[in-house]
Amino acid sequence: MADKVAIVTGGGSGIGRAVTHGLVDDGYHVLIAGRREDRLVETKSGARESGKVAVVAADISAVEGVQAVFDRLKSAFGRLDLLFNNAGTGAPPVPIEDLTLEQWNRVVGVNLTGAFLCTQRAVRLMKEQDPQGGRIINNGSISAHVPRPNSAPYTATKHAITGLTRSTSLDGRRFNIACGQIDIGNAYTRMTARMSEGVAQPDGSTKPEPTIDVRAVVDAVRYMAALPLDANVPFLTVMANQMPFMGRG
């Protein structure tokens, strides 16, 4: 894997940071993208071999931001073997009738349009490079299956990511491009630290929820990434075993 190259969006914290470190451990060179350069630098400095990590501060919801990412990729590494579409954001947990269009558009821009723009550029490059092909992994979330209360923008984009995953997988086949999705439930990061304090439930109550070590997610992504391109995991769910996902209520 010494010559493998990956892009990780949302690489400045949480799952993106942990996956970056795992890929470096597997021998990847990794370009991490995110809006805050200071956090990207923290990810880079925390890698076992920091020289294998390049950073680019960019807003991937904009064409110009994605252009900056792939320009940096070209100058630093020249090819792409793995794209992890991980960047994501949410809106305030308010009733749908109180949500502003600006809040809606921001979530759609990062979670869905950003993943589309990065996928589009990755597919172009993977088709042209020699050897042809590569792998794309989309961060879907449990919200690609069921919503939390007051989460219409996030849930809608994550359901849409499933459609993007299926279409990319189908259209990429003849170019040796594999695309799969990882749906994550309650991996412990800074964003999910509030789970232990209590989160809103469908019945109107607030209850703490269990979390899992983010290493379980990293190991799952590493497994998907290590497969030969004639094999694919279309969908994989990693979740806290006791979280309230299975069943009714």
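Predicted model: local features only at pLDDT ≥ 70, side-chain atom pairs only at ≥ 80, totals over all residues.
View 1. Leaving aside residues up to four places away in sequence, A240 touches G185, N186, P210, T211 and I212. Take G185 from that set: 55 residues separate it from A240 in sequence, yet the two C-alpha atoms are 6.2 Å apart in space.

View 2. N186, one of the residues touched by A240, is found in the loop between strand 6 and strand 7 (199–200). Its phi is positive, at about 65 degrees, although N186 is not a glycine. N186 is buried, with a relative accessible area of 7%. N150 belongs to the loop between strand 5 and helix 5, and has a positive phi of about 55 degrees without being a glycine. At 40% relative accessibility, N150 counts as partly exposed.

View 3. Helix 6 runs over residues 215–226, and at 1.5 Å a residue its twelve residues should span 16 Å. Which residues of helix 6 are buried? They are V217, V218, A220, V221, M224 and A225. Looking down the helix axis, you find these buried residues within an arc of 165 degrees, so they line one face of helix 6. In an α-helix, residues three or four places apart point the same way, because there are 3.6 residues a turn. The partners of the buried residues of helix 6 are helix 1 (14–25), strand 4 (82–85), strand 5 (134–139), strand 6 (177–185) and strand 9 (235–239).

View 4. Helix 3 has 14 residues, 63–76, which should span 20 Å at 1.5 Å a residue; its end C-alpha atoms are 20 Å apart, which agrees. G65, V66, V69, F70 and L73 are its buried residues. They take up an arc of only 130 degrees around the axis, so they sit on the same side of helix 3. That buried set packs against strand 1 (5–9), strand 2 (29–34), strand 3 (53–57) and helix 4. Turned away from the buried side, the other face carries the exposed residues V63, E64, K74 and S75. Just after helix 3 comes G78, with a positive phi of about 90 degrees.

View 5. Searching the whole structure turns up one cavity of 30 Å³ or more. The largest cavity has a volume of about 80 Å³. Its lining is made of 13 residues, with N85, N86, A87, N111 and A115 lying nearest the centre. Helix 4 (101–128), strand 5 and helix 5 (152–172) each give two or more residues to that lining, and helix 4 gives the most, with four. By type, the lining has five nonpolar residues, seven polar and one charged.

**View 6. The cis peptide bond at P131.** D130 and P131 are joined by a cis peptide bond, with omega at about 5 degrees. P131 lies in the loop that links helix 4 and strand 5.

Technical notes: Residues numbered from 1 in each chain as written. Heavy atoms only, no water. Expected span 1.5 Å × (residues − 1). Buried < 20%, exposed > 50% of the residue type's maximum accessible area, 1.4 Å probe, protein only. Arc of directions from axis to C-beta. Contact = heavy atoms within 4.5 Å. 1 Å grid on protein atoms, 1.4 Å probe; cavity = no way out; pocket = protein on both sides within 12 Å on 5 of 7 lines; lining within 4 Å. Points joined across faces, edges and corners; volume = space filled by probe spheres on them. Nonpolar A, V, L, I, M, F, W, Y, C, P; charged D, E, K, R; others polar.
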